[in-house]
Amino acid sequence: MSECDEGPCPTVWEIDGTENVLVQGFKVDDTQALATMQLPVDETAVRIPMSLILKVAREHLA
């Protein structure tokens, strides 16, 4: 499920046969924000619109 109809934009993909999703979003490059999150070295953070989260939730809760 995507936030837009064309081109690259925040997207959520379901992984068939699992309870997991993949998320594409805008890379967080604010070093202070990343330091606050204390992410492990093999993880990163992405920013996605709340409207996309709600869109996915509505589809799966309907």
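I looked up Thr 11 and found it buried, at a relative accessible area of 10% (buried means under 20%, exposed over 50%, partly exposed in between, with a 1.4 Å probe and protein chains only). The model is predicted: local features need pLDDT of at least 70, side-chain atom pairs count only at pLDDT 80 or more, and totals for chains, interfaces and linings use all residues. Residues are numbered from 1 along each chain as its sequence is written, and side-chain values use heavy atoms, with hydrogens and water left out.

I placed Thr 11 in strand E1, residues 11-14 (strands, E, are DSSP runs of at least two residues and helices, H or I, of at least four, numbered from the N terminus). Then I listed its contacts (heavy atoms within 4.5 Å). Beyond four places in sequence, Thr 11 touches Met 1, Ser 2, Leu 22, Val 23, Gln 24 and Leu 52. A polar atom of the Thr 11 side chain sits 2.8 Å from the backbone oxygen of Cys 9.

Next I followed E1 to its partner. E1 pairs with strand E2 (residues 21-24) in the antiparallel sense, over 4 bridges (pairing needs at least two DSSP bridges between the strands). Trp 13 has Leu 22 as its bridge partner in E2. The two strands, E1 and E2, form a hairpin with 6 residues between them. In the turn, I noted a positive phi of about 80° at Gly 17.

Last, I checked Pro 49. I found Pro 49 in the loop between strand E4 (46-47) and helix H2 (50-61). Pro 49 is partly exposed, at 24% relative accessibility. Outside four places in sequence, Pro 49 contacts Glu 3 and Pro 10. Its C-alpha is 8.4 Å from that of Gly 25, 24 residues apart along the chain.

How values were computed
Polar contact = N/O pair within 3.5 Å; in protein donor to acceptor, adjacent residues only side chain to side chain.
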